[in-house]
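Thanks for sending this one over. My notes follow as numbered points, starting with a term we will need.

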Amino acid sequence: MNWATAEIAMMERALQLAVRGEGSVEPNPMVGCVLAREGEIVGEGWHTHFGGPHAEVAALETAGEAARGATAYVTLEPCCHQGKTPPCTEALIAAGVVRVVYALADPSPHVDGGGAAALRAAGVDVASRLLEKEARELCAPYLKRVTDGRPWIIAKWAMSLDGRLATRAGDSQWISGEESRAVVHGLRGRVDAVMVGRGTAVTDDPLLTARPPGPRTATRIVVDSTASLPLESQLVRTASEGPVLVATGATADEAKVAALEAAGCEVFCAAGDDRAARFASLLDELGRREMTNVLVEGGAELLGSLFDARLVDEVHAFIAPKIIGGAEAPAAVGGRGVDLMSAATQVVRPTITTTGDDVYVRGRVVRA
């Protein structure tokens with residue numbers, strides 16, 4: 001389909017607006033909307049926070065009477081169901097919008113083509129798939145949760161120039177600089193959960209909180225099959241200040257589980273006889289809780305297990321200009337790894353910048 005340059009510009013603007021809701025709208029998708037008449041923008045809006053007005057309603061409010069006879073450019077198919085807010089299709093129809101162009105169909109069972117059908121039934125001209133690829137990338141975490149029932153997994157680590165997470169003695173603070181750590185706190189502040197393995201929780205004794213706080217308060221998850229997270233750890237001691245979920249296995253000691261629960265932690269027993277099965281069970285549970293983005297901060301074995309199972313969707317790596325050396329110093333990603341280079345996990349279209357003295361590489365993963 002040949003789209004006019006002006007229409008592409010309108011949808012590009014809608015995509016720019018949609019990003020402003022990142023970290024505030026989940027489990028809803030980020031959505032932007034532009035209303036235009038005769039090539040001029042008369043209203044625009046975005047979904048600002050979960051439970052608040054959707055992008056279309058926000059744009060209609062800014063447009064007022066100018067919305068009548070306008071075209072709406074929306075990054076996602078308008079909803080047609082009563083949720084926390086009324087259907088956007090009804091609002092568009094009532095406002096007199098005569099044409100709706102959306103970038104991406106919404107696969108949610110509450111919509112799934114119903115939005116477009118409702119608009120057409122009311123006599124509104126509907127077109128779709130304008131900048132669909134860009135909208136799909138924007139909504140990828142939401143789309144994964146809706147279609148697969150699991151959250152988007154973001155793997156993060158900081159390493160030396162020779163690929164080490166720590167020294168052979170286990171010292172890792174600090175590999176990266178203050179600027180890199182500030183970026184990580186920003187990531188923590190927009191995700192639903194921050195996950196580490198028991199080894200990292202014990203060795204680093206982290207808080208896993210966002211400082212300063214972001215739009216979301218992440219659940220702090222420790223993967224600990226034996227429920228042996230020390231009660232004196234910072235995570236356990238601050239469980240009353242922010243949720244802590246300890247993911248255990250069926251063999252976890254009941255007394256340790258009870259002690260963690262008494263200290264304010266939630267304990268989830270993941271089903272499965274091996275690590276891969278327990279990971280699958282945990283991710284399914286997080287999806288049921290409508291978690292959209294989960295940040296995994298290590299350690300090497302947890303990251304390795306996730307990469308081995310092809311469960312990682314996005315990578316954020318901070319490379320410090322330091323050489324640690326030592327065959328016993330842990331590598332950034334452990335696990336089994338691959339036998340052939342052709343099977344290596346590929347990060348596509350990576351963005352490479354600097355944060356202070358560190359090199360910051362981020363990108364999405366291609367599944368083999």
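1. Buried here means under 20% relative accessible area, exposed means over 50%, and partly exposed lies in between (1.4 Å probe, protein chains only). Threonine 75 has 0% relative accessibility, so it counts as buried.

2. A word on provenance: this is a predicted model, where local features need pLDDT of at least 70, side-chain atom pairs count only at pLDDT 80 or more, and totals for chains, interfaces and linings use all residues. Residues are numbered from 1 along each chain as its sequence is written, and side-chain values use heavy atoms, with hydrogens and water left out.

3. Back to threonine 75, which sits in strand 3 (residues 71-76); helices (H or I, at least four residues) and strands (E, at least two) are DSSP runs, numbered from the N terminus. A polar atom of the threonine 75 side chain lies 3.1 Å from the backbone nitrogen of glycine 32. Counting contact as heavy atoms within 4.5 Å, and setting aside residues up to four places away in sequence, threonine 75 touches Met11, Ala14, Leu15, Ala18, Met30, Val31, Gly32, Ala103, Leu104 and Ala135.

4. Beyond its neighbours within four places in sequence, glutamate 7 is in contact with Tyr73, Arg99, Val101 and Leu130.

5. Next, helix 2 (residues 55-63), where Ala55, Glu56, Ala58, Ala59, Leu60 and Ala63 are buried. These buried residues pack against strand 1 (32-37), strand 2 (40-46), strand 3 and helix 3 (88-94). Just after helix 2 comes glycine 64, with a positive phi of about 60 degrees.

6. Now the whole chain. The protein chain has twelve helices and 14 strands. Its radius of gyration is 23 Å, close to the 21 Å that the globule rule gives for 368 residues, so the chain is as compact as a globular protein of that length. The radius is taken over C-alpha atoms, and the rule is 2.2 Å times the number of residues to the power 0.38. Along the principal axes, the C-alpha atoms fill a box of roughly 70 × 45 × 40 Å.

7. Finally, burial and contacts across the chain. Of the 368 residues, 50% count as buried. Among contacts between residues at least 6 apart in sequence, 73% join residues at least 24 apart.

Key: A polar contact is a pair of N or O atoms within 3.5 Å; within protein, one must be able to donate a hydrogen and the other to accept it, and residues adjacent in sequence count only if both atoms are side-chain atoms.
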